[in-house]
Amino acid sequence: MASEYLLELDDIEAGYGRAALVLRGLTVKVPPGTVVCLVGPNGAGKSTVLKVASGMLKPRAGTIRVCGEDVTSHGPQKMLAAGLSHVLQGHSVFKEMSVEENVMLGAYTVKDKAEIADRVAFVKELFPVVAERWKALAGALSGGQQKQVEFARSLMVSPRVVLLDEPSMGLDPKATETVFQQVVRMRDAGTAVLLVEQNARRALETADLGCVLDLGRVHISGPANDLLHDPQLAELYLGGRPKAAAAPTPSD
Ligand SMILES: Nc1ncnc2c1ncn2[C@@H]1O[C@H](COP(=O)(O)OP(=O)(O)OP(=O)(O)O)[C@@H](O)[C@H]1O
């Protein structure tokens, strides 16, 4: 069945072991050609959404669809084959291996050599630093450059949606800026992104659509720009009022 969405998480309930539910009826949809970001307080369940989408954590209830096809019961390998590629929180490059070896790990399920060569050319064009440092040891790259190697690795399977968990974590402001620019480049090159970020304001500036999570549910969702300029949301979740709505200070 065709669908207007690449990924649909519908009324998901999920939790860890016997502990209480973390996601309590969460619905998130990713249309083609978009960056959708999930923001919200610590412990709201943002990373858990990505774990459910990549098959790492089975939902207790609800439905996951990729392009309209029900994939709810898929494990990680089948989710990857269905088109969902997960870039985990923190750093996951193998530092003792070259950039090339790290990127090629992402292609281990791809059998067609011509397709692999096409994808290598694609990621090298998308991430110039990956092309420039192709033979270098990954551990010799900066944190922001390593993150781009992880992005490149995730794109080797031609995913429909990349699930990005806190890509700016631990990066300095300049590297953070580059990483957010690369997220936009990934989208513009045809890969939708479901992005989880602590840096809520910067994530909403980057994304097309936003979802504010609280207590395992979507509290509010809509165009990211609207959320960014909502004074109440800014107070509650973005660390202050939006610039345009800020009250004048006594010195103004
Ligand atoms: N592997 C796990 N085992 C047990 N509980 C977990 C596990 N991972 C996360 N949790 C719990 O699930 C809840 C949601 O965690 P999650 O990491 O999804 O939140 P988050 O919104 O991404 O938070 P943060 O912004 O702090 O990363 C938290 O209460 C957390 O303690």
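Predicted model: local features only at pLDDT ≥ 70, side-chain atom pairs only at ≥ 80, totals over all residues.
An open sheet contains four strands in the order β2-β1-β4-β5. Pairing within this sheet is antiparallel. Strand β1 (residues 7–15) and strand β4 (residues 61–66) are joined by five bridges and run antiparallel. In this pair, leucine 7 stands opposite valine 66 of β4.

Helix α1 spans residues 46–53. The helix lies across β1, β2 and β4. Its direction makes an angle of about 115° with β1.

A further antiparallel pair is formed by strand β9 (residues 209–214) and strand β10 (residues 217–223), with six bridges between them. Leucine 209 faces proline 223 of β10 across this pair. The two strands form a hairpin, with two residues between them. In the turn, leucine 215 has a positive phi of about 50°.

The largest nonpolar core comprises 71 residues. Val36, Cys37, Ala53, Val161, Val193, Leu194 and Leu195 touch the most other members. In soluble globular proteins, nonpolar side chains tend to be buried together. The contacts of valine 36 were examined with residues up to four places away in sequence left out. On this basis, valine 36 touches Val28, Val30, Leu194, Leu195, Ala207, Asp208, Leu209 and Cys211. Of these, Leu194 and Leu195 are also among the core residues that touch the most other members.

Conventions
Residues numbered from 1 in each chain as written. Pairing = 2+ DSSP bridges. Contact = placed C-beta atoms within 7 Å. Axes fitted to C-alpha atoms, helices over the stretch in contact; angles between N-to-C directions. Core = buried A, V, L, I, M, F, W, Y, C linked by C-beta atoms within 7 Å. Buried ≥ 20, exposed ≤ 12 C-beta atoms within 10 Å, placed from the backbone.
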